[in-house]
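Open the model in your viewer and keep the selection panel at hand. The tour goes from one selection to the next and says what is there.

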Amino acid sequence: MTGEPMPSQPTRQPDPLRVVVWCEGRPERVDPEVARRYPRGMNGAIAEGVEEHLGARARVTTADLDQPEHGLNEETLAATDVLTWWGQLAHREVSDEVVRRVHRRVLAGMGLVVPHSGQLSKIFRRLMGTSCTLRWRDAGERELVWTVDPTHPVAAGVPHPLVIEEQETYGEFFDIPAPDELVFVSSFAGGEVFRSGCAFRRGLGRIFYFSPGDQAYPVYHHPDVRRVIANAVAWAAPDAVAEPPRLTHSEAGWFERAPGA
């Protein structure tokens, strides 16, 4: 042996996360103030925040309700690692077939990040199995987002508390199943508290709900709100996407046969 170092092998960079930011696209089309606040639309602002924090680690596209199949056809979803879902005015207009399609993909491992009023979306309610209703009012109150699990990846780099000066008020009771992991709890100037950052697992998929983000306030321009959503996207990304779990009939002794038999 000569003692000379072996030439290093080039390190293959991982493929970027394929992220689709979905919003219904209604508030900015019917309210000039929302359009002024979000000139690229709600989905544009959320996408910008994900790109800002994840950079080359993510390839981000947007979709909305008025596109054919809401921009979520089989091919698009098959090429999506994480889907974010914002809606408020038009939950009922979302196709049940698209909801079934997204549901299958989440069970197969696709990540889902649901901000704010997406808690009443068909897909979130289907995955939770509850009404997902809550107490609310809109008085532009200050929200403090407290980290209750600082070890969780979604909390990385997030200040304690995260301060949002004006925001729609959400309060308990929030009719969801007990989260698998509770990451954030919010308190409001009017006295309410709310489970504002909740992690769930359904099938092979990871789901994160984060409550800040009403269209009446510039919340998706807030750097720390953007950080939370980007962290949630990275956390929800699948290790691998497989077939969704399904009912399988097996004869006795099936496990003794060759793999795949």
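Which residues of β4 are buried on one side, and which on the other? Gly111, Val113 and Pro115 are buried on one side and Leu112 and Val114 on the other, which leaves both faces of β4 covered. Buried means under 20% relative accessible area, exposed over 50%, and partly exposed in between, with a 1.4 Å probe and protein chains only. Helices (H or I, at least four residues) and strands (E, at least two) are DSSP runs, numbered from the N terminus.

This is a predicted model, in which local features need pLDDT of at least 70 and side-chain atom pairs count only at pLDDT 80 or more, while totals for chains, interfaces and linings use all residues. Residues are numbered from 1 along each chain as its sequence is written, and side-chain values use heavy atoms, with hydrogens and water left out.

Select residues 111–115, strand β4. With 5 of its 5 residues buried, β4 is largely enclosed by the rest of the structure. In a regular strand, side chains alternate between the two faces of the sheet.

β3 and β4 run parallel and are joined by 3 bridges; two strands pair if DSSP finds at least two bridges between them. Opposite Leu112 in β4 stands Leu83. From β3 the chain crosses through helix α5 (residues 96–107) to β4, a right-handed β-α-β crossover. Right-handed here means that, with the strands pointing away from the viewer, the path from the first strand over the helix to the second runs clockwise.

Next, select residues 205–210, strand β9. β9 pairs with β4 in the parallel sense over 4 bridges, and Phe208 in β9 is the bridge partner of Val113.

Step back to Gly109, in the loop between α5 and β4. Gly109 is buried, at a relative accessible area of 1%. Its C-alpha atom is 7.1 Å from that of Arg206, a residue 97 places away along the chain.

Now go to helix α3, residues 41–54. Of its 14 residues, 10 are buried, so α3 is largely enclosed by the rest of the structure; among them are Met42, Ile46, Val50 and Leu54.

Finish at Leu182, in strand β7 (residues 181–188). Leu182 counts as partly exposed, at 32% relative accessibility.
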